[in-house]
Amino acid sequence: MRYRAGFALLIALAPACAGVALAFLPKPFLVLAPAAAYAACAIFLLGLPARLWRWTSSPVPFRIPTTCGQQRSLAWIPPARLDNPSTGLAAAARMLLEVLTFRSLLRNSRSRAGDGAVHTRDSLGLWLAAILFHWSLLIILLRHLRLFVQPVPAFVLTLQKLDAPFHTGAHPLYLSDLALLVALAYLLLRRLADPVVRYVSLLSDYLALWLLLGVGLTGVLMRYLVGVDVASIKQFAISLAVFSPVLPRNCGPWFFAHLFLACSLAAYIPFSKIAHMAGVWLSPTRNLANNNRAVRHINPWNAPVKTHTYAEWLEENKDKLKSAGIPQ
Amino acid sequence: MSSDLIQIEQRSPEGDWTATKPDFRKGTWCYSATPQNLTSLDLPNPRPWQPSDPDWKLPENWKQILLDGIKERLEKYRSFRLFMDLCVRCGACADKCHFYLGSGDPKNMPVLRAELLRSIYRRYFTASGRLFGELAGGRELTEDVVKEWFYYFYQCTECRRCSVYCPYGIDTAEITMIGRELLNLIGCNTNWVLDPASKCYRIGNHLGIPPHSLKDNIDFAADELEEITGVRVEVPIGKKGAEVLFVAPSADYFVTPHYYTLLGYLALFHEIGLDYTFSAYAGEGGNFGLFSSHELMKRLNAKIYDEAKRLKVKWILGGECGHMWRVINQYMDTMNGPADFLETPVSPVTGTRFDHVRSTKMLHIAEFSADLIHQGKVRLDPRRNDHWRVTYHDSCNPARAMGLLDEPRYVLRSSCNHFYEMPDSTIREHTFCCGSGSGLGTDENLEMRLRGGYPRAMAVKYVKERHDVNALACICAIDKAVLPPLLEYWAPGIEVAGVHELLGNALVLKGEKQRTTDLRGQPIQIAEEEPAHA
Ligand code: SF4
Ligand code: SF4
């Protein structure tokens, strides 16, 4: 298993090569492009809810939030409203902020034990990379709407403007493109270079990163380095969106590589750890209020158990209670 | 640090973890549970065996039992199912575990501890694992895997520290709990968990002390308190119709230094005239069932409500214990409630209604005392603790499964003049475990305990060197048992005290004599002025 990263790269290269090849195959093969797009969408749109359904079909028998601050108890002790929520609303806020700002990673530190101490220092690299990656990906996805909707919605135009504050010439440099690639490179290098993370990494951990990098790199390539016929791509994208697909002519090999990589990624998500995008919301250590002693939580499978009853105990201890004068 | 101490060092892990096996060397594991203890609790597959034996005498169909057990738990616990799927192996949790820091063993990284079970889950319960096996991160379930589970699930104190840092809140303690339940199904248990559990179940306390001896001990404590303070206190046991049932971890009745905390409780209850009772049937608040299975936890915990009902008390007060409070705060009401035969606790002294426990009807003693002190209902003379320079250890469970952080600190600051916090990265929700929780605190496991307790000990050493701290206060019975040897080893010269022991030292009793010693019989010097706090 020493070659996990390499194996994963080979797997990720397959859709990229298939895409490039498509550009050189006879025209009828182009039908594979819309087919792949629809298939990937279908797998994603059905797969993710299926996964969610599977998770939610297991009940939450106990309310087990991890409390990360003072509880709400006495009126004069200020509680940590977010980190130890005492109401459902506060728990929702904790969850939302977790998803939007990765607060748990913000606590991260690095510790090393030895020489009669434990040396701990803050470590925000992972948080920074994670936040840059996720937010730029969201911005980039939203920017892609310009290809699917005509006229381009106003908020997309605004987003584009904000994303390229140093707009010069015909090819504005989007900060999100840059941030995405830098963050992905960091996450990949970290996985390869940090002995601890490398030790625990699975092939699938690399595969997710390679696919994302592939999508990102081919996208950036088309945008900044090789010219592509944006009008044709947009025509194809819109045709997909309105469910009357046309064949993607003049789109070029990089576009097909980009498309196939993106489709592979979308289809892979429901079966992979990337489904954490949905699962994180369900995490019972984060999305529940720590109010067990105020509001009873119900366990749907709570079943009676065998106990050692007072009557049984009394039977065994009657004499002892009597001699000690303990009331029965 | 002297060279004959255990060497703590961390090396980068290399190679492939699936190819390594645990080394059951002496000092790093706990003895198996005796067949008698399994029988007494009606647990499956009782037999004599030891983890160091090559043959563990597993039942013939052990593999099927385990796979069925996993399936059942995937269907019963969303936490388990999610935590099997969600981890992205980001490594944020890796160095948060005191056992990894102290042992350097990569399988003590929470992420890998969980992968021990997750790899089996993937192989048998996911399509990709069934199809691609090892490539998809799956692993065959073999006897070696069972041994590995045993070794590492009993090297996790279920402290939840890893869960604080995980972006998805993955709680390896939850996985360890499930892992131990699975081992339970094939009769692989440890004696240090099942022996106290069985004694609590049958007799009513973890040492198996019969009720008349319990009474002797408590009466003796009353005598001792009288000797120290000159005040005679009444201590009811099994009193019907008392207002409050008081449940403490049973170590408080029988062992030191817990015992000084008992003296503190008795003094406090007497001073405020609390109408309360101890119980011999439900005399144990600690719940070693938590360290074995959800079911056993429930069976032990049930006694508390049953006894409260029988004695017709109004509400329940709980003593200083860590995991007992995890059970009370996160499980009791759900498992054994509703406690509709009790009333919402109201302090008979201050009139405070403790609405935050209106369903469970069980209050933590630190919450109760902090309220008393805050309302000025007790007189404290903190100078009587001037011989102590105190720091406070947050026990894992009250910190990360409850958030009881400032109440005990308030009691301490009111009772002591010299109080110092350990570094921020080691207290409150970041607190480091004692290294011996969840039933690992046994002698044969000493090396691993000293390793696991190393981060905590180093933080204590830090305040000792910086502020001359000589007392570590805590609110956990396991802490009080295991921190003294831990500190003796890594940071000698520090005593371990209960919060209510220190409160008991400072508490001015009506009609008391001039105190010359604290509750543990050490001389104190009282200046002739008025008490500083009223
Ligand atoms: S922090 Fe959470 S997601 Fe990251 S490796 Fe640990 S358990 Fe997995
Ligand atoms: S719960 Fe505590 S002991 Fe267990 S893996 Fe997490 S940090 Fe380590």
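Ala, Val, Leu, Ile, Met, Phe, Trp, Tyr, Cys and Pro count here as nonpolar, Asp, Glu, Lys and Arg as charged, and the others, Gly among them, as polar. By that scheme, the shell around ligand 1 divides into ten nonpolar residues, one polar and one charged. The model is predicted, so that local features need pLDDT of at least 70 and side-chain atom pairs count only at pLDDT 80 or more, while totals for chains, interfaces and linings use all residues. Residues are numbered from 1 along each chain as its sequence is written, chains are lettered from A and ligands numbered from 1 in the order in which they are written, and side-chain values use heavy atoms, without hydrogens and water.

**Ligand 1**
- The residues around ligand 1 (a heavy atom within 4 Å) include B:Cys87, B:Cys90, B:Cys93 and B:Cys166.
- Also among them are B:Arg89, B:Gly91, B:Pro167 and B:Tyr168.

**Interface of chains A and B**
- The contact (heavy atoms within 4.5 Å) takes 93 residues from chain A and 120 residues from chain B.
- Between them the two chains bury about 8800 Å² (accessible area, 1.4 Å probe, lost on being put together and summed over both), 56% of it on carbon and sulfur atoms.
- A:Trp76, A:Tyr199 and A:Arg293 supply 11% of the area that chain A buries against chain B, more than any other three residues.

**Salt bridges**
- Seven salt bridges (a side-chain nitrogen of Lys or Arg within 4 Å of a carboxyl oxygen of Asp or Glu) are counted between chain A and chain B.
- A:Lys306 pairs in a salt bridge with B:Asp42, with the closest N and O atoms 3.1 Å apart.
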